[in-house]
2 protein chains.
Amino acid sequence: MKDVLVVGTGLIGTSVALALKAQGVGVYVRDSDPVSVKIASSLGAGSMEEPPKKVDLAVVAVPPALVADVLVRLQAEDVARHYTDVASVKARPQQDAIALACDNARYVGGHPMAGSERSGPLAARADLFDGCNWVLTPTSETDTDTLNAALQLVAACGAVPVLMEAAAHDRAVGLVSHAPHLVASLVASLLEPADERMVSLAGSGVRDLTRIAAADPGLWVDILDANALVVADLLEEMSEGLDDAVMGLRAMGATDDDKRSNGARIVEDLLRRGQAGRARIPAKHGTVPEQYETVTVMIGDQPGELARLFTDASSAGVNVEDVHLEHSAGRPTGRAQLSVTRDLREVLVTTLHNRGWRHH
Amino acid sequence: MKDVLVVGTGLIGTSVALALKAQGVGVYVRDSDPVSVKIASSLGAGSMEEPPKKVDLAVVAVPPALVADVLVRLQAEDVARHYTDVASVKARPQQDAIALACDNARYVGGHPMAGSERSGPLAARADLFDGCNWVLTPTSETDTDTLNAALQLVAACGAVPVLMEAAAHDRAVGLVSHAPHLVASLVASLLEPADERMVSLAGSGVRDLTRIAAADPGLWVDILDANALVVADLLEEMSEGLDDAVMGLRAMGATDDDKRSNGARIVEDLLRRGQAGRARIPAKHGTVPEQYETVTVMIGDQPGELARLFTDASSAGVNVEDVHLEHSAGRPTGRAQLSVTRDLREVLVTTLHNRGWRHH
């Protein structure tokens with residue numbers, strides 16, 4: 001891939017341009033906003049000149065609703081051999097492109113699954129896509145060379161390509177991101193009017209569950225807007241599950257023994273399906289989750305405690321896969337939960353014990 | 001407090017006994033299961049003998065449904081001056097105690113908010129309650145001396161006392177623990193039948209949200225059983241919120257502009273309330289959450305990376321308040337998000353930068 005035109009110099013477009021430039025690709029940038037494109041270009045994202053000849057690939061980095069419009073104009077201009085986009089939903093741009101009679105053999109949809117709380121070219125970074133999943137949604141119409149051009153783009157950005165159908169992609173991001181976000185907001189919203197003492201009992205479970213609810217509501221309305229009907233379907237499914245749970249719990253609270261055990265069965269079944277679903281979430285590296293073991297260590301609240309802990313762990317050659325801090329109420333200590341692979345647990349426990357850490 | 005009788009030598013009862021013994025209190029232990037009480041006693045939790053005279057306090061450490069039965073028998077025996085329990089729900093034992101005409105002036109309900117995935121006396125630890133919230137539910141009938149005896153127990157166990165009404169306690173644990181648990185299970189259960197490639201897109205948001213869904217379903221059925229109707233009410237409230245969200249999202253997906261913006265308003269309102277509720281969750285030490293700033297650092301996957309990172313942070317005198325690891329898909333690197341107080345952010349960034357860490 002020698003040269004690429006990036007259309008749209010927001011966070012994602014400018015980051016793509018910076019990543020390509022860092023790989024020695026010739027990059028041209030365009031944006032309907034002259035200020036934005038100037039900033040991007042001055043950050044080293046590429047040239048504001050018109051490409052002197054047809055480029056290898058055009059990357060359409062505009063909001064989902066505008067992708068097909070921009071695509072049809074670029075193809076009329078015949079500016080590039082291949083075309084892709086980076087919008088966060090995929091079914092709608094694809095349908096629009098068919099409706100507008102774009103050259104769909106030369107266009108493949110894409111969605112780099114990276115982002116930032118910030119937006120605009122100033123927030124862009126060449127390493128934004130490092131190690132992220134980048135979904136591509138080829139159809140039976142897509143030319144193999146076009147798919148290969150998009151795959152080269154993904155590789156140049158340091159991302160991991162995942163091929164999916166557009167509708168499956170939209171449902172997937174609804175499932176693993178959009179619907180969970182609204183659920184986290186719902187759980188957190190119940191805490192808003194609650195009594196102070198009630199909220200003070202909140203522990204790490206609900207804190208972790210609601211972490212994503214802290215995000216900017218305005219930004220999330222935009223994200224949800226592009227996938228609204230898919231997310232509505234998913235929440236409706238969840239609402240049915242919630243109604244089952246309510247029914248089960250009410251039966252558990254009944255006096256009749258048969259009713260009670262029947263209710264308990266309904267609730268336990270839900271908990272089991274949850275446990276099974278949870279076990280499928282990739283723990284790291286996008287691979288099947290390994291079974292990790294947890295070692296819990298008491299830590300003080302002074303600077304250096306975590307440094308000392310991790311130094312002691314690594315002195316034993318133990319790689320900590322994940323760490324989870326739980327702070328105690330009302331006192332300057334807490335617990336650190338270290339996740340390690342099963343075979344290293346014993347080594348870690350012995351090492352930490354010998355170095356005077358309190359664990360259990 | 002000179003001497004205490006602990007009735008019930010499961011995880012909580014034995015841990016209470018061990019904590020009291022460590023404080024020099026004379027402890028007697030009882031259990032209907034002769035094996036359990038023998039184990040507890042041999043672990044140093046207390047004497048299996050009958051107390052020679054009235055003890056200061058009896059701690060009833062049996063399942064919620066049995067608390068009042070045990071209480072009425074102990075009071076008939078006149079074994080202690082004051083009585084408390086440690087069951088995880090509080091309204092039901094209190095109502096039962098009234099129904100059985102217990103001496104309710106001499107009894108105050110209690111709930112130490114600590115636990116473990118394990119159960120039984122062998123899992124007990126003297127420090128189980130260290131820094132945990134311990135709810136006490138006195139009524140207008142409760143004798144001040146009885147409340148003081150319970151407060152001494154809480155202090156001896158190293159916990160932080162929180163006074164609440166029984167019904168408020170049950171709603172609070174429903175709100176911050178039981179209902180969120182079922183919601184996490186619900187979200188996770190949607191992933192169970194999902195396509196492998198869809199699940200592979202799951203990131204840290206849904207991973208954190210569903211963490212508690214990994215817990216033992218059998219144990220959680222028991223926990224939910226004792227508070228079933230309260231949790232059912234809370235989930236019903238949430239179900240209404242979910243239906244509103246579905247309605248809002250369907251409107252957002254409509255063609256009519258008025259409908260669309262009306263739908264967006266409904267969804268944004270939910271997200272805002274969630275953000276406000278989330279902001280109320282205590283970050284640590286049971287205090288009002290401070291505003292932390294996040295510094296994101298790229299890390300390798302070798303042993304010692306985290307040790308090096310925390311050593312560098314602490315060398316600058318920076319106390320990391322929280323840490324969050326995000327592993328990249330398909331490659332041996334990841335991001336560590338370090339939370340620090342606002343005033344220390346600059347110091348941390350400069351220090352890490354000078355020591356060669358890549359951050360953004």
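Reply: The largest nonpolar core holds 202 residues, and A:Val59 and B:Val59 have the most contacts inside it. A nonpolar core is a set of buried Ala, Val, Leu, Ile, Met, Phe, Trp, Tyr and Cys residues joined through C-beta atoms within 7 Å. This is a predicted model, in which local features need pLDDT of at least 70 and side-chain atom pairs count only at pLDDT 80 or more, while totals for chains, interfaces and linings use all residues. Residues are numbered from 1 along each chain as its sequence is written, and chains are lettered from A in the order in which they are written.

Me: Which residues does B:Val59 touch, not counting residues up to four places away in sequence?

Reply: In general, nonpolar side chains tend to be buried together in soluble globular proteins. Here B:Val59 touches B:Val4, B:Val6, B:Val7, B:Gly13, B:Val16, B:Thr84, B:Val86 and B:Leu153; two residues are in contact if their C-beta atoms, placed from the backbone, lie within 7 Å. Another core, of 38 residues, lies apart from the largest one and includes A:Val318, A:Trp357, B:Val295 and B:Leu309.

Me: Is A:Ala61 buried or exposed?

Reply: A residue is buried if 20 or more other C-beta atoms lie within 10 Å of its own, exposed if 12 or fewer, and partly exposed in between. A:Ala61 is buried, because 28 other C-beta atoms lie within 10 Å. A:Ala61 sits in the loop between strand 3 (55-60) and helix 3 (67-77) of chain A; helices (H or I, at least four residues) and strands (E, at least two) are DSSP runs, numbered from the N terminus. Leaving aside neighbours within four places in sequence, the contacts of A:Ala61 include A:Val6, A:Gly10, A:Ile12 and A:Val86. A:Val86 is 25 residues from A:Ala61 along the chain, yet their C-alpha atoms are separated by 5.5 Å.

Me: What describes chain A as a whole?

Reply: Chain A has 13 helices and 10 strands. Of its 360 residues, 51% count as buried. Its C-alpha trace spans about 75 × 55 × 40 Å along the principal axes.

Me: At what angle do helix 11 of chain A and helix 9 of chain B pack?

Reply: Two packed helices are described by the angle between their axes and the distance between the axes. Axes are lines fitted to C-alpha atoms, for helices over the stretch in contact, and angles run from 0 to 180 degrees between N-to-C directions. Helix 11 (residues 257-279) of chain A and helix 9 (residues 217-225) of chain B pack at about 135°, with axes 9 Å apart. That angle makes the two helices oblique, since angles under 35 degrees count as roughly parallel, over 145 as roughly antiparallel, 65 to 115 as roughly perpendicular and the rest as oblique. Among the residues making the contact are A:Val267, A:Leu271, B:Trp220 and B:Leu224.

Me: How many residues does each chain give to the contact between them?

Reply: The contact takes 112 residues from chain B and 113 residues from chain A. On the side of chain B, helix 6 (residues 166-191) gives the most, with 19 residues. By class, that side has 62 nonpolar, 28 polar and 22 charged residues; Ala, Val, Leu, Ile, Met, Phe, Trp, Tyr, Cys and Pro count as nonpolar, Asp, Glu, Lys and Arg as charged, and the others, Gly among them, as polar. The axes of helix 6 of chain B and helix 10 (residues 228-252) of chain A come within 10 Å and cross at roughly 130°.
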